[in-house]
Amino acid sequence: MAAEPNELRDDVLNGLQLSTQLERVWRTPSGLVGALMSVDHKVVGRRYILTAFAFLLLGGILAVLMRIQLAGPEKTFLSADKYNQVFTMHGSTMMFLFAVPVMEAFAVYLVPLMVGTRNIAFPRLNAFSYWMFLFGGCFLWTSFLFNVGPDVGWFSYVPLSSLQFTPTKRADVWAQMITFTEVAALAVAVEIVVTVFKLRAPGMTLDRIPLFVWAMLVTAFLVMFAMPSIMVASTSLILDRLVNTRFYDSSSGGHPLLWQHLFWFFGHPEVYIIFIPGTGMVSAILATFARRPVIGYPVVILSLIATGFLSFGLWVHHMFVTGLPQLGAALFTASSMLIAVPSGLQIFCWLATLWDGRPVYRTPLLFVIGFIVIFVLGGLSGVMVASVPIDTQVHDTYFVVAHFHYVLIGGAVFPLVGAVYYWFPKIAGRMLSERLGRWNFWLAFIGFNVAFFPMHILGLIGMPRRVYTYTADMDWAHLNLVSSGGALVFAFSFALLLANVVYSLRKGALAGDNPWDASTLEWATSSPPPPQNFDRIPVVKHRDPLWADSESLPVVAGLSAERREVLLTSLAEAEPQIREASPEPSIWPLLAAIATTIFFIGSIFTPWAVLWGTPPMAVTLIGWFWPTGSKEDEE
Amino acid sequence: MRQTIVRDVSDLPTYGYGPRSGPWWGAMGFMALEGMGFAIAIGAYLYLYAVNPTWPIGASPPDLWPGTVETVIYLLSIIPNEFTNRAAHRQGLAKARIGLIVMALIGIALLVLRGFEFAHLNTRWDNSAYGSIVWLILGLHTTHLATDVGDTVVLAVLMFTRHAKPRRFSDVTDNVFYWNFVVLAWLPLYVLLDWVPRL
Ligand code: HEM
Ligand SMILES: [Cu+2]
């Protein structure tokens with residue numbers, strides 16, 4: 001089973017010869033069909049990132065519409081009914097179509113490069129996951145544009161979302177969109193785990209894995225353990241609505257609180273699924289711009305893992321006002337507060353790194369510092385709502401809206417924009433403009449705080465969330481006006497980001513391999529990376545390979561140069577074990593996603609879709625797994 | 001960046017078995033999340049059980065025979081499954097083919113029995129929350145079973161074509177491994193569906 005003797009291997013080729021040969025083997029076929037067949041993690045990752053940002057734009061437009069409506073008392077810009085749809089679409093889009101997907105998308109692009117391999121594990125599944133995400137998102141938004149968008153809040157509480165109170169298709173659309181996006185998220189999670197476990201470059205032992213990769217690994221596990229819960233929940237909901245099951249119907253033994261348990265068992269970890277990748281981005285950016293490794297590498301990893309574990313114990317804190325037994329509530333309060341500890345530890349490690357380093361204040365680092373400030377504030381208000389008496393007070397007021405935007409935007413969006421500035425040169429081969437970047441940062445930072453800080457006060461003085469308007473005698477008008485102004489500034493900062501990207505794609509300075517002089521492997525190849533990622537797989541001997549081996553990178557030879565091969569290594573020590581075939585491009589993942597889409601959407605309208613929808617799915621799956629088109633099988 | 005070749009990997013094998021291979025880890029991943037799905041569904045069952053004064057609601061417990069016969073078959077199926085496993089590890093094509101066919105037939109028999117099991121639940125999905133949750137759990141496990149049987153059939157067919165390359169034996173062992181999970185997942189569900197309502 002060793003190499004066939006006449007096989008072309010990379011040790012007989014060198015330099016340009018090797019590059020061109022590998023490019024031929026690994027490139028995505030040309031033309032439209034070729035593009036639809038692509039299984040290159042970079043191509044899929046780029047699409048994923050762009051699509052997720054498109055959804056950020058859409059969700060952001062809705063946010064601005066809400067803030068216009070709320071800028072003054074008794075405005076009639078949006079009707080009550082429209083407002084319900086708009087906040088539901090905003091929350092659902094942000095959580096399911098932007099925040100989680102964008103983080104996974106960055107992982108899809110970056111993790112294989114950072115662990116030094118040629119493609120993600122299960123590239124076809126990866127392509128399938130992207131199509132599912134795209135179709136699910138388009139389905140939700142098309143429904144919205146045709147006026148059947150959901151209007152029951154991003155957590156669709158029953159009985160509000162049950163047939164009795166929402167007889168139209170709105171809640172079905174919501175529930176099925178969940179299934180689409182979760183299928184996508186789960187697939188990517190499995191790919192990330194296996195990529196990190198098995199595809200790491202030789203020598204990349206567990207204590208040499210980059211912190212961003214660690215963060216994505218923990219996130220992938222959170223996805224795998226949290227998302228099945230929401231899938232069970234939304235499937236039960238849609239069954240209740242379509243075929244009369246009684247899961248949530250209290251007249252037949254069902255229970256509305258079951259929904260809340262299932263939802264929050266997912267919904268709370270969800271926040272960490274969004275936040276933990278953010279911390280990974282922060283660690284990566286910080287090390288590069290502080291010009292030293294992050295202090296307390298093991299502490300950071302243990303914090304990540306601890307945060308992951310604790311996040312599961314916390315779902316009940318969303319249900320304090322539902323009347324839980326006393327002891328239970330006390331316990332959950334304690335564990336809600338406990339989770340501040342690992343987050344705090346990480347923050348100390350980052351601050352120490354900055355302190356001890358020689359920081360270079362470029363745009364990515366500015367966003368990281370903005371993150372630290374905002375996130376600490378969000379954490380403080382979080383500790384407040386974690387306590388039962390305060391939660392009972394501010395429950396469903398704007399205090400909560402303020403809190404979770406501080407956490408979500410501070411914890412995820414700021415690091416994310418930093419990450420865009422940081423990795424754009426790698427992905428696009430060109431630098432983003434630093435001048436525009438600084439404007440971008442300051443407008444975002446100021447705009448954000450002006451938009452969301454006043455909401456704390458609004459909440460404390462009693463403004464409830466999810467109201468489409470309020471009367472003038474409530475004295476909420478001034479703060480709301482300020483908040484809306486801030487929101488416009490914040491939104492404008494994203495327009496600057498977009499302008500910067502568009503401008504720099506053509507006019508930006510050429511990046512070169514490693515413009516920031518960073519230490520991790522993605523910077524060891526050209527920008528943008530070639531289809532094969534690396535001409536030769538690197539060997540890792542240090543936690544910061546490019547800093548330690550800056551003279552010459554140790555690499556392996558002996559992989560096939562005429563077919564797609566990746567190197568598998570052992571779990572802990574990353575010792576080379578197998579040269580495994582990596583799948584060729586294929587149209588089947590797209591066809592499978594189309595079949596699944598027809599099945600999912602059809603089943604909203606008729607249960608029979610389960611019958612006629614299954615065979616096409618089966619056919620496409622067989623086509624997908626049937627080993628044609630893979631070179632090894634055609635010898 | 002300059003490069004120094006420090007290692008030659010050309011004599012490594014091009015496929016492997018179990019935790020050495022990528023697909024095995026993929027199977028592990030899917031087992032983890034499917035297992036989680038079952039755990040959540042069991043949690044939902046127990047929750048409904050706890051909040052309802054009577055259980056089962058307005059129905060008698062399921063008839064025991066279909067689930068019990070299935071359970072026996074599941075347990076016995078481990079024997080031919082292991083036979084297939086060994087055949088695949090030794091790369092014995094003829095034996096692996098036989099093993100796959102037997103396993104496919106067992107799977108199909110179980111699917112047929114599953115039909116009877118639905119018919120003998122003694123409740124409809126729309127009778128009560130009890131009916132809903134037992135149909136959901138049984139439905140989940142049936143989907144799980146059906147995909148595995150589909151996979152086994154396709155693999156069996158594959159082993160009769162020119163694609164029956166040595167590396168395919170690794171796929172066969174993964175299929176075997178996955179079947180063990182299907183069996184393992186069934187056991188708690190059997191207790192839950194057939195015995196808990198009799199408590
Ligand atoms: C320009 C930035 C944003 C603005 C101005 C904004 C504004 C708002 C407002 C005013 C609400 C409250 C609606 C109400 O209760 O009446 C809201 C809800 C919400 N926002 Fe945002 N938001 C922004 C960005 C984000 C981001 C980036 C995320 C997530 C990553 C997010 C997630 C949510 C969620 C989950 C809700 C709850 C929706 C619901 O109750 O169903 N928002 N947002
Ligand atoms: Cu929470």
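I looked up Cys349(A) and found it buried, with a relative accessible area of 9%. Buried means under 20% relative accessible area, exposed over 50%, partly exposed in between (1.4 Å probe, protein chains only). Cys138(A) counts as partly exposed, at 36% relative accessibility.

I note that this is a predicted model, where local features need pLDDT of at least 70, side-chain atom pairs count only at pLDDT 80 or more, and totals for chains, interfaces and linings use all residues. Residues are numbered from 1 along each chain as its sequence is written, chains are lettered from A and ligands numbered from 1 in the order in which they are written, and side-chain values use heavy atoms, with hydrogens and water left out.

Next I turned to the fold. I read 19 helices and 3 strands in chain A; these are DSSP runs, helices being H or I with at least four residues and strands E with at least two. The C-alpha trace spans about 80 × 60 × 50 Å along its principal axes.

I then looked at burial and contacts. In chain A, 63% of the 635 residues count as buried. Of its contacts (heavy atoms within 4.5 Å) with a separation of 6 or more, 80% join residues 24 or more positions apart.
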